[in-house]
Amino acid sequence: MENGPAIFAGAAFTLFGAGLLVWTGLRVMHRAPVAHGVSPATAATLATLFGALSLALGVWCFGRV
């Protein structure tokens with residue numbers, strides 16, 4: 001019964017983290033702004049950091065199953 005929420009949370013965090021990393025990578029590759037009104041280096045760094053953290057949290061949730 002406890003596996004259901006862990007699987008859902010793991011899937012949500014993993015999909016969000018992977019999507020954010022892919023989106024950030026494509027934006028940086030095309031030299032498009034990652035966030036408007038923010039330094040490009042700061043925006044790309046923070047987006048990559050939060051994408052990696054979300055992906056790691058998703059993997060941790062799957063590890064708890």
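1. A helix here is a DSSP run of H or I with at least four residues, numbered from the N terminus. Phenylalanine 8 lies in one of these, helix α1. The model is a predicted one.

2. Start with helix α1 itself. This helix covers residues 3–29, 27 residues in total. From the first C-alpha to the last, α1 reaches 38 Å. That is close to the 39 Å expected at 1.5 Å a residue.

3. Which residues of α1 are buried? They are Ala6, Gly10, Gly17, Leu20 and Thr24. The cover over the buried residues of α1 includes α2. In an α-helix there are 3.6 residues a turn, so residues three or four places apart point the same way.

4. What does threonine 24 touch, leaving aside neighbours within four places in sequence? Its contacts are Ala44, Ala47 and Thr48.

5. Now go back to phenylalanine 8, also in helix α1. Is phenylalanine 8 buried or exposed? It is exposed, because its relative accessible area is 64% and the exposed class begins over 50%. How far apart are phenylalanine 8 and phenylalanine 62? In sequence, 54 residues separate them. In space, the C-alpha to C-alpha distance is 9.1 Å.

6. Next comes the loop. Arginine 31 is found between α1 and α2, just after α1. Its phi is near 55°, a positive value in a residue other than glycine. Most residues other than glycine have a negative phi. Arginine 31 is also exposed, since its relative accessible area is 78%. A reader checking the backbone may want to look at arginine 31, with its positive phi.

7. Helix α2 takes in residues 40–63. Leucine 53 is found in this helix. Its relative accessibility is 48%, so leucine 53 counts as partly exposed. That class runs between the buried limit of 20% and the exposed limit of 50%.

8. Leucine 53 also belongs to a nonpolar surface patch.

Conventions. Residues numbered from 1 in each chain as written. Predicted model: local features only at pLDDT ≥ 70, side-chain atom pairs only at ≥ 80, totals over all residues. Heavy atoms only, no water. Patch = residues over 30% accessible without salt bridge, like charges linked within 9 Å, V, L, I, M, F, W, Y side chains within 5 Å. Areas by Shrake-Rupley, 256 points an atom, 1.4 Å probe, with all protein chains shown as cover. Salt bridge = Lys/Arg side-chain N within 4 Å of Asp/Glu carboxyl O. Helix = DSSP H or I, 4+ residues; strand = E, 2+ residues; numbered from the N terminus. Buried < 20%, exposed > 50% of the residue type's maximum accessible area, 1.4 Å probe, protein only. Expected span 1.5 Å × (residues − 1). Contact = heavy atoms within 4.5 Å.
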